[in-house]
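Hi,

Here is the structure I promised to hand over. Have a look at it first, and then read on for my notes.

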Amino acid sequence: MKNFLERYFQLGSNGTTIKREFIAGIITFLTMSYILVVNPNILADAGMDREALFTTTALATIVATLLMGFYAKLPIAQAPGMGLNSFFAYSVVLTLGYTWQFALTAVFIEGIIFLLLTFFNVRELIVRSIPKVLKEAIPAGIGLFITLIGLKSAGVVVSDPNTLVRLGDFGQHTVWMTLIGLVVTGILLIRNVNGAILFGILSATIFGLILGDVALPTSIVALPPSIEPIFGEAIKPMFTVEGWNQILSIDMIVVVFTFLFVNLFDTVGTLIGVISKTNLADKDGNFPQMKKALFTDAMGTTVGSILGTSSVTSYVESASGVASGGRTGLTAVSVALMFGLALFLGPVFLIIPAAATAPALIVVGLFMISSVTRINFDKLSDGLPAFLTIVFMPFTYSIAEGIVFGILSYTVLKIGAKEHKDITPTVYVLSILFLLKIVLDVVVK
C-alpha cells in the first residue's frame, strides 16, 4: 500500500511524504469540519430533516473530496458551500417561497450544466467575461449576507417594525453563547490555531450546557442517521409532466443561473487561490489539473443534490493543509477519511444549537468581505455597481438580487459613461435576461 500511494500520488517528485500528507489532511479537516454542524442547521430552516442532513453533508463531502484526491490529485477538499446553502434556504425557499425539493432540483440541474460546461471548456471562458469588479463584489456581499444570518439566528439582531432591525435582548442565553463563541474563535484565529472555528463552536455549546440550554447526548458513537427523508428528491420531478413544467419555468432558470454564477466564481477563485500556495501553478494561476478539478466540483454538486444537499464547492480552508505541507491528492483522501470517521459521531454534532454555529457564519463573513479591498470605489462606473451588488444581498435578503442589480447597474452606467468597451457580450445577454425577469414579475403580479 505504501509503495502504491507513493507511486500514484508521486510523493517523491512533489517533495512530500505519506505522513506529511495525512497530517495536512487532518489539519484541513479541523478547519472545515464546522460544515457538519452549520450546513444541517441552515438547510433545516428550509424544512429539511436536520439529522438526515448531517449524514448527507458528510457523504457529499467524502465523495467529492475523494474524487478530487484520486482523480484531480490535488490537496483540496470539497463540501457543501457556505453562501450557496444560505441562498438555497433563505432566498429560494424562505423568501421566494419555493419548496426545498424545488431548490434541490435546481442544484441538480446546475451540476449537470457544470459538467457540460467543463467538458466543453466553457466555465473559464464565462469567468473571464464577467467584470472583475463584480467578481470582487459578489463574495463581499455574500459575506455580509451570511453575517446577517448568523446574527439573526443567535438573536443578536432582531426585526423591528419601526427601524427594520435592532439589537437583540441580551437577557437571552443564545446571545451570550454566540458572543462567547465569537470571542474564542477570534482569539484562536489570531493565534493561528488550526480548527479555531470548530473550537469556537464547541466553546459556545459547552456554555450552553452550563446554562442548561443544551442537553448531553445519550451516546457519543452511533450509526449515521438515515438520509431517506431527503434522498433522491432532486430528480423526482424528472419523472412527471408537472415536474417538467416546473423545470422549464422562468423561475427555475433564474434560480439555476444564480447557483451557477455564485458557484462558478467561488470554485475557480478557491482553486486558484489555494493552488497558488503550492508549486503547481504558473504565473497566471493556471495549473494542469484545472479541468479535472472543475469536473470533480461539478460531479460533487450533482451527486450532492441527489443525496440531498446544496451545491458542493472547493473549500478555501484547504489552504491550511497546503500551508502544513500538503501537496498531492493524498491530503484530500485523508480529509475524506476524517469525515468518514465523523459520520459515526452524529450524536455529538447534532446537539450543537444554531446559536453556537452563528460565530462560524460571522467569521466566514469576515473572510469573504475581504475582497472589497480590491475594488476601486473612486471610479464610480465600477464602484457604484459593486456597492449595489454588496448592499442588495443583505438588505433584500437575497444573493440573487445582489447579482441582478449589480450586473444591470454595471451595464447601464457603463453605457451612460460611454465606456462600452468594458461591457462583454455575456454581460449584455445577462442584463437583457434580468430585465425580462423583472418585467415578467411585474406583469404576473
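This is a predicted model: local features need pLDDT of at least 70, side-chain atom pairs count only at pLDDT 80 or more; totals for chains, interfaces and linings use all residues.

Below is what turned up, going from the cores to a helix, the charged pairs and the rings.

First, the ground rules. Residues are numbered from 1 along each chain as its sequence is written, and side-chain values use heavy atoms, with hydrogens and water left out.

**Cores**

A nonpolar core here is a set of buried Ala, Val, Leu, Ile, Met, Phe, Trp, Tyr and Cys residues joined through side-chain atoms within 4.5 Å. Buried means under 20% relative accessible area, exposed means over 50%, and partly exposed is in between (1.4 Å probe, protein chains only). The largest such core has 93 residues, and Tyr34, Met82, Phe88, Phe259 and Ile403 have the most contacts inside it. Helix α6 (residues 100–119) gives the largest share of this core, with 11 residues. (Helices are DSSP runs of H or I with at least four residues, strands are runs of E with at least two, and both are numbered from the N terminus.) There is also a second, separate core of six residues, including Leu5, Phe9, Ile18 and Val333.

What does tyrosine 34 touch, leaving aside its neighbours within four places in sequence? With contact meaning heavy atoms within 4.5 Å, tyrosine 34 meets Met82, Ile197, Ile201, Tyr315, Glu317, Ala360 and Val364.

Just after α10, glycine 212 takes a positive phi of about 90 degrees.

Over in helix α3 you will find asparagine 41, which counts as buried at 11% relative accessibility. Its side chain makes a polar contact with the side chain of arginine 50 at 2.6 Å. (A polar contact is a pair of N or O atoms within 3.5 Å; within protein, one must be able to donate a hydrogen and the other to accept it, and residues adjacent in sequence count only if both atoms are side-chain atoms.) Not counting residues up to four places away in sequence, asparagine 41 also touches Ile352, Pro353, Ala354 and Thr357.

**Salt bridges**

A search of the whole structure finds eight salt bridges, each being a side-chain nitrogen of Lys or Arg within 4 Å of a carboxyl oxygen of Asp or Glu. Lysine 132 and glutamate 136 form one of them, at 2.9 Å from N to O. Both sit in helix α8 (residues 132–154), four residues apart, about one turn of the helix. Lysine 132 is exposed at 54% relative accessible area, whereas glutamate 136 is buried at 11%.

Lysine 414 is the one I would look at next: its relative accessible area is 0%. It bridges to aspartate 382, with the closest N and O atoms 3.0 Å apart. Shared partners join Lys379, Asp382, Lys414, Glu419 and Asp422 into one network of salt bridges.

**Rings**

There are 14 aromatic pairs. Rings of Phe, Tyr and Trp (its six-membered ring) pair if their centres lie within 6.5 Å; planes under 30 degrees apart count as stacked, over 60 as edge-to-face and the rest as tilted. Tyrosine 8 and phenylalanine 9 have centres 5.0 Å apart and planes at 85 degrees, so that pair is edge-to-face. Tyrosine 98 and phenylalanine 102 are stacked, at 4.3 Å and 15 degrees. Ring pairs also link Phe4, Tyr8, Phe9 and Phe70 into a cluster.

Cheers
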